Amino acid sequence: ALWIAQALYDNNEGGVLLTVDPSPWVQVENFAKFPKLDARIIFKQIRGDQIETKKKIDFVFCDGLHEKEEVIKEMRHLLPMLSEHAIVVFHDCGDSNRFCDVNGAVQELGIKTVWIPTTNRIRIYEHSQC
């Protein structure tokens, strides 16, 4: 999140990063170390399916709750909010089990992704495919 906020700051295009996480962890402490990024980053301690925005979303990095039903719920909530050419990156797409089944969620949603075989197994979805 900090790298994305820094890029927004450096490019001075006026974008804002909304980052959410249901768990209170070191995110807030890390963000506080970079006060110049305050205008570029907003953190909310909520789940992805609780995001509310009037603006269209251009980019989602989905790395929240990894259970299949949670990912499905989050994406069903977010899909109508995506801009025409939005990009969604799904993290932790390696093994599928009852605690982490991002792959199962992506398959059940029927969205076409590109597989990136990195250490944490990433899938990328481009919304314009719809």
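Predicted model: local features only at pLDDT ≥ 70, side-chain atom pairs only at ≥ 80, totals over all residues.
**Stop one: the main core**

Begin by selecting Val60, Met75, Leu78, Leu82, Val88, Phe90 and Val102. These are the residues with the most contacts inside the largest nonpolar core, which has 21 residues. To see where that core comes from, colour strand S3, helix H3 (68–78), strand S4 (82–90) and helix H4 (102–109): each of these elements gives two or more residues to it.

Leaving aside residues up to four places away in sequence, Leu78 touches Gly48, Ile51, Ile57 and Val60.

**Stop two: the buried side of H3**

Which residues of H3 are buried? Select Val71, Ile72, Glu74, Met75, His77 and Leu78 to find them. As you turn the view, look for S3, S4 and H4, against which the buried residues of H3 pack.

**Stop three: salt bridges**

The whole structure has four salt bridges. Select Arg47, Asp49, Glu70 and Lys73, which are linked in a network of them. Zoom in on Asp49 and you will find Arg47 as a partner, with the closest N and O atoms 3.0 Å apart. Asp49 is buried, at a relative accessible area of 15%, whereas Arg47 counts as partly exposed at 28%.

Asp49 also forms a salt bridge with Lys73, and here the closest N and O atoms are 3.8 Å apart. Lys73 sits in helix H3 and Asp49 in the loop between strand S2 (41–44) and S3, so this pair ties together parts 24 residues apart in sequence. Lys73 counts as partly exposed, at 38% relative accessibility.

Next, pick Glu108 and Lys68, whose side chains meet in a salt bridge (3.0 Å, N to O). Glu108 belongs to helix H4 and Lys68 to helix H3, so the pair links distant parts of the chain, 40 residues apart. Glu108 is partly exposed, with a relative accessible area of 42%, and Lys68 is partly exposed too, at 27%.

Technical notes:
Residues numbered from 1 in each chain as written. Heavy atoms only, no water. Core = buried A, V, L, I, M, F, W, Y, C linked by side-chain atoms within 4.5 Å. Buried < 20%, exposed > 50% of the residue type's maximum accessible area, 1.4 Å probe, protein only. Helix = DSSP H or I, 4+ residues; strand = E, 2+ residues; numbered from the N terminus. Contact = heavy atoms within 4.5 Å.
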